[in-house]
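Student: I'm new to this structure. Could you help me learn how to read its features?
Tutor: Gladly; let's take a look together.

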Amino acid sequence: MNISGDVLERHGLTPEEYQRIVDALKREPTLTELGIFSVMWSEHCSYKSSRVHLKTLPTTGPRVLQGPGENAGAVDIGDGLAAVFKIESHNHPSFIEPYQGAATGVGGIIRDIFTMGARPIALLNSLRFGPLDDPLVRRTFAGVVAGIAGYGNSIGIPTVGGEIAFDETYSGNPLVNVFCLGIAEHGEIIKGVASGAGNPVYYVGAKTGRDGIHGATMASAEFDDKSAEKRPAVQVGDPFMEKLLLEACLEVMKSDALVGIQDMGAAGLTCSTCEMGSRGAAGVDIDVSLVPQRETGMTPYEIMLSESQERMLMVVKRGREAEVERIFEKWDLHAVRVGEVTTDGKLRVRNRGDVVAEIPNRSLTDDAPLYRRPMAEPAYIKEAQQLSFDSLGKPPAAGDAFWRLLASPTVASKRWAYRQYDHMVRTNTLVLPGLGAGVVRVKGTSRALAMSVDCNGRFVYLDPYRGAQLAVAEAARNVACAGALPIGATNCLNFGNPEKPEIMWQFGRAVEGMGAACRALDIPITGGNVSLYNETDGRAVLPTPVLGVVGVIDDARTVVRRGFTSQGDFVVLLGETYDELGGSEYLKVVHGVIRGVPPELDVNREAALHRVLVEGASVGVIRSAHDCAEGGFAITLAECCIGTGFGVQVDVPAVASVGTKTFSDMTTLFSESASRVVVSVAPAAEVRLLELAARHSVPIRRIGVVRGTRIQLTIDGRSVIDESLADVEQTWNTAIERYFEPARAIA
Amino acid sequence: MKFAVVVFPGSNCDHDAHYAAQHVLGQQAEYIWHKETSLKGADVVILPGGFAHGDYLRTGAIARFSPIMAQVQKFAASGGPVLGICNGFQVLLEAGLLPGAMLRNRSLKYQCEHVLIKVEQTDTPFTAACITGQVLRIPIAHGEGNYYAEPDVVARLERNRQVVFRYTNAGGVATDDANPNGSVANIAGLCSEQRNVVGLMPHPERACEMALGSADGLILFESVVKAVSEGAFSNPAKAVAVAR
């Protein structure tokens, strides 16, 4: 072979994969061809380790208009409209260069949505960082938030929600998952397909530079102390250019002059040409010398592998070129013809006419390597699932634990972050960020869409199957709390190095759990993203399979928010609290351990709960609803009061703790049992709510009343928490800010 | 009556202003692309929020050279009501239609949140339906809304009663705590000497429906409808058309 082992290693290819390339080409590849194979066969683009598992996920349903395999999924929301949405990770670039890494993550997911012919109307994000007392973590956190804000705000798409959690394992490997949702008419959905021999292939958008070369390969390797040297592989975003592209592309799409379009994201021009060709069973013939370049002397290898941002590849109907060019001119963009569609199914790359690469499209896409990697249950699981209460010592007073949980950055208000996001532009935002699911109305209809991204990595770490199930349940529950029927989902699976059997086992079990829960709740997954190799110096992040769920509210006026609305309303708990402190925020914050068995999930009961929430909202019986998650029932109750001016008086029965009697109060207050929601109801409507819950066999209990300006909680009549709402708000609101502006927060 | 919403390539609140005028208020509204050279007979001109040309230079610095701006200048000079919201306000400053400049917020961060502003002047087309001292709850969303002008300019603005909106607390007092961005004298919005050109950083078009959390901003749009229909502010474009 004429390619050295050293060159192969730098391309992240194994000798076996090299042989496969030779077999596909029936000859040795050129260096340009090797580069093209290396990015398309990288984990990031090929899903070679994950595909066998992803195939088991439920992806179909009566509402699904577009499942996995396109730039984004699409579901029917009524009125002839589709919600087009997807989530994607930008973890690796965000660690190396937080601002640009996060900003270009936002840019990438927005392109995925408008590429489908949809106008993006909402962004969410799911973020993970190390503990904030580490200055490097604060720098990363601040940079990521500023990057998300800088890009989303400029382009004018509101960031309406999301979640942020903190854990030591993310210190050297933050997670930045960005979700975008757009609206399209059914007939307007456009695909990333190249077809019709002789149709011209156009390049539009920013010029190609040397930035981001081998970004996809970088995202397919672990980090070590040399990672900072990889900074040139992070791209730089230009949201203004993207805004022009968005408007121009949507205008072109209205004209029906387009055959297909795809953004140039990971693996740039390489990925867009071969994927579009492969989907259309066609060939694509381009000349890289025609590609607009911002640097001189770029080689075909560099042009094909560049990941410069804000670029699109389009196939236009022959004869309609002038029309398309005129629209781009209007937006001061140049659409440049770089090649045409052929019939031979090959990606042919020329440089001033000379062929420099010629590869069957299918060998880069559908026929990429597929690995059924070995899996082995990690040794830590059985050990970590043991929870000995004796070893924890004496629990603190209930009040003390309550304050510590309120001040935990994972629990506390994320205002410091979302205040930097424009969350109101486009005037659709019905529920402001930080209050559960994000909710936007759909103008021109009576409907609204609710969306939520969720995952508790601790649960997944302790039991990947159940943890992933719980992530599905939580995201869907958040959407249902707003009164929305969950109708579709997208997933972003963040794991460590798949070449380790223990990581692959986590991955496999999590995908099984996710699939099982989605099937039971009837929520198809229409696409998503896998991010592997989230490790630094051999240590993996908590396995974090994030699920983004979208739900529809038929009448936007019936949207339910989480805060109490009226003095004197009854406070009702749907669901039941069990002895389930395993993997809880309480154990982590107060005792510093991630141990035990995560809460059990009865998927049928969860589905029934969602029916009660959706129906209860639609008939106006439920005044507010908020689910119990990190921090358990006590924290949920506090969050129902925060920002409303209303206090609460509640009494609940003690939950027995198997461990020891001394932990009974902690269990009652902070257990993270699934399928629980705190709702408020007008006294006169209580009967109707009781009937509704009984009809769906959902446990229901009136536990108190909205009253006063204190949070007063008793267990079997014994006072355990009695705090002023103002103090609770002060602690909860400023917990994260305190790490950044200590002086101001104290004042 | 007809609203013109000027669309710069990086405008992103153009849809929102258009929606407020047309759907909430029930008036006519038309987008005017920045390369156009006619306001098409509009009675009111809105320069919406956004990032007109990316604003990598100074905010609004390039927008003032757009072809439509000559018409906006002419419209303003002849007394037509012009409202600049957020980036639109920044463009008015750059175009010299209002005095002063914007600095970065004193937090050095973009801020999106509801604030309170007090209406101090009711003899502008956009506050004609307000009561002096009325406090409105309207969101801001900007990174560079820290208004600055030289002390003599601020003194002149105060003397001429050109400070239309000020950041205050619920009691209408302009405290430092109520100032979200560090603006000099808590200035949130201004009018021209002729009083027909108004610019403000908060987004009234985002506060036109209770479903969105506040309907306090609607009064600015209602004001201009009232002012124009009562003939308080001229309609120069139409007057010119008739003269021809």
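Student: Where is Asp522(A) placed?
Tutor: Asp522(A) sits in the loop between helix H20 (501-521) and strand S18 (525-531) of chain A. Helices (H or I, at least four residues) and strands (E, at least two) are DSSP runs, numbered from the N terminus. This is a predicted model, in which local features need pLDDT of at least 70, side-chain atom pairs count only at pLDDT 80 or more, and totals for chains, interfaces and linings use all residues. Residues are numbered from 1 along each chain as its sequence is written, while chains are lettered from A and ligands numbered from 1 in the order in which they are written.

Student: What is the phi of Asp522(A)?
Tutor: Most residues other than glycine have a negative phi. Asp522(A) is not a glycine, and its phi is positive, near 60 degrees. Thr427(A), also not a glycine, has a positive phi of about 45 degrees; this residue lies in the loop between helix H17 (415-418) and strand S14 (429-431) of chain A.

Student: Is Thr427(A) buried or exposed?
Tutor: A residue is buried if 20 or more other C-beta atoms lie within 10 Å of its own, exposed if 12 or fewer, and partly exposed in between, with C-beta atoms placed from the backbone. Thr427(A) counts as buried because it has 25 C-beta neighbours inside 10 Å. Asp522(A) has 16 other C-beta atoms within 10 Å, so it is partly exposed.

Student: Which residues are buried in helix H13 of chain A?
Tutor: In H13(A), residues 321-330, they are Val324(A), Ile327(A) and Phe328(A). These buried residues fall within an arc of 95 degrees seen down the axis of H13(A), so they line one face of the helix. The arc is that of the directions from the helix axis to the C-beta atoms. On the face turned away from the buried side, H13(A) carries the exposed residues Ala322(A) and Glu329(A). After H13(A) comes Asp332(A), with a positive phi near 60 degrees.

Student: How do the axes of H7(A) and H8(A) cross, and at what angle?
Tutor: Two packed helices are described by the angle between their axes and the distance between the axes. Here, the axes of H7(A) (residues 98-114) and H8(A) come within 7 Å and cross at roughly 40 degrees. Axes are lines fitted to C-alpha atoms, for helices over the stretch in contact, and angles run from 0 to 180 degrees between N-to-C directions. The residues of this contact divide into 11 nonpolar, 8 polar and no charged. Ala, Val, Leu, Ile, Met, Phe, Trp, Tyr, Cys and Pro count as nonpolar, Asp, Glu, Lys and Arg as charged, and the others, Gly among them, as polar.

Student: How many residues does each chain bring to the contact of chain A with chain B?
Tutor: Two residues are in contact if their C-beta atoms, placed from the backbone, lie within 7 Å. Chain A gives 22 residues and chain B gives 23 residues. On the side of chain A, the largest share, 4 residues, comes from H8(A).

Student: Which way do strands S27 and S28 of chain A run?
Tutor: S27(A) (residues 710-715) and S28(A) (residues 718-724) run antiparallel, joined by 6 bridges. Two strands pair if DSSP finds at least two bridges between them. One bridge partner is Ile721(A) in S28(A), which pairs with Leu713(A). The hairpin has 2 residues between the strands, and Asp716(A) there takes a positive phi near 50 degrees.
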